[in-house]
Amino acid sequence: MSIQLYNTLTRKKEKFIPIEEGKVKMYVCGPTVYNYIHIGNARPVIAFDTVRRYLEYRGYEVNYVSNFTDVDDKIIKAANELNEEVGELTNRFIEAYFEDVGALGCEKATAHPRVTEHIGDIVQFIQLLIEKGYAYESNGDVYFHTREFDGYGKLSHQSIDELKVGARIEENAIKSDPLDFALWKAAKEGEISWDSPWGKGRPGWHIECSVMARELLGDTIDIHAGGQDLTFPHHENEIAQSEAATGKTFANYWMHNGYINIDNEKMSKSLGNFILVHDIRKQIDPQVLRFFMLSVHYRHPVNFAQDLVENAANGLERIRTAYHNVQHRLSMSADLAEDPQSWLDRIDEQITSFENAMDDDFNTANAIAAIFELAKQANVYLLEKNTDRQVLERFLEAFDQLMGVLGLPFESVDELVDEEVDALIQERLDARKNRDFARADEIRDQLKAKGIVLEDTAQGTRWKRG
RNA sequence: GGCGGCAUAGCCAAGCGGUAAGGCACGGGUCUGCAACACCCUUACCACCGGUUCGAUUCCGGUUGCCGCCUCCA
């Protein structure tokens, strides 16, 4: 089966066909770095990191680009307030971004371009738009003439006239049409700026993505992704700029993730009800956060609430326990069992349903269901008196593979080795053998107080942090 | 005003023409010295009203209720 993905441009699920066979050019809009990212910012990063991992799992070579907006009004404002250089501030938050997103299991992109590294390219791109008659200079600013671009509105499915009726667009004497948007903004006194043919200034917001995507991926890319709210105007404007400049399709597939709500209310920096990843990951296992977000389809809203996250934590724990129990069994016995084949087949069935789910517009909710089913099968298998080494290994391999695609690797065994704990467990085993249950329970309670939970199995006692 | 989304068990969440995946929680069993882990069993007339169809949770129309975009925002 082939991968189907929902394309905002056509509002349909489409078969994914890359421009170049076996390769994917993907661009994901990244954050404006003037603060730590909130969990809403983290959603697209997690969602599209998962998309990327699955594409790679499917054998594609993915060239994944995600930018940093490291100069804009909010950054300048924040830098002024903190009495810090713009560059210092953005470096600080870019570093924090990598820490936060890394904790959430997201791989680094192939490239993380920054706006300030591409000013020259941006200036050239704007010049090209002016030459082609799509942009004009006014008072040191440069604007894109929206009405000159025929396809304007095709992504958000808005007609240009309706947009005007919508009417919350600011009137501005400098623009010749209220729908026009800035490509270049003239610098105010004392602001960070770069020289340009139109005087000192800096790039507008939308132009950076058009330019950096083109520089790093070419005129036409396969997948362009970002949060739902970027559809209009950001992505619409990117299309206008890029296609006006190159005369080619900018991106074949547009993917947009849904929001995170808090108590069913939209979370955003402007509303102020946001949860910073920097803070929350100290309280909640970041893998749980990732698992929680992936338990809902990426296009649907996720409601963030304490009890729902705990719910997800319990579910993840079930999968981890199954995995570690298989590992434990493998380390404790080397039984041989009859007919491993039917079990190997069952494992393959779950891998297939996982793949089917992911092929269907990256349906991680269903993919997770397949992993739960795998866990169930593993638990049932562990009930057998005799197990086959090959089957146990295959279970682990499948768990590793599937959870790996979701960016949720299992803790390695090494981290679970502790001599002191082992000694206590041995002492408890002896106590139980001598029917000294008081001592046995005492040890169990003692370990529990240290956050270590014991599980007695037919093959011995295993422990975990809980 | 324009564009769009959602409404499925106590909670979360898939499915989207052939009488409902999965998880969490609850209850009943089994396992256990007791527990933990686990296993088995139990739990839904898919917001409402019409229509199309042999058959609709799934398609069409309408109603109600939430939500989003059209403005910086993931």
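1. Cys-29 sits in the loop that links S3 to H1. Helices (H or I, at least four residues) and strands (E, at least two) are DSSP runs, numbered from the N terminus. Cys-29 is buried, at a relative accessible area of 12%. Buried means under 20%, exposed over 50%, partly exposed in between (1.4 Å probe, protein chains only).

2. This is a predicted model, where local features need pLDDT of at least 70 and side-chain atom pairs count only at pLDDT 80 or more. Residues are numbered from 1 along each chain as its sequence is written.

3. The unreviewed UniProt entry lists Cys-29, Cys-209, His-234 and Glu-238 under "binding site". Such annotations may be inferred rather than shown by experiment. These residues span 210 residues in sequence, yet no two of their C-alpha atoms are more than 11.1 Å apart, so they gather at one spot.

4. Which helix holds His-234? His-234 is found in H7, residues 231–246. His-234 is buried, with a relative accessible area of 1%. Beyond its neighbours within four places in sequence, His-234 is in contact (heavy atoms within 4.5 Å) with Cys-29, Trp-205, His-206 and Cys-209.

5. Now the sheet. Four strands form an open sheet in the order S4-S3-S9-S10, with parallel pairing. Two strands pair if DSSP finds at least two bridges between them. The edge strands are S4 (61–66) and S10 (251–257), and each pairs on one side only. Six bridges join S3 (residues 23–28) to S4. Met-26 has Tyr-64 in S4 as its bridge partner.

Notes: Chains lettered and ligands numbered in written order. Heavy atoms only, no water.
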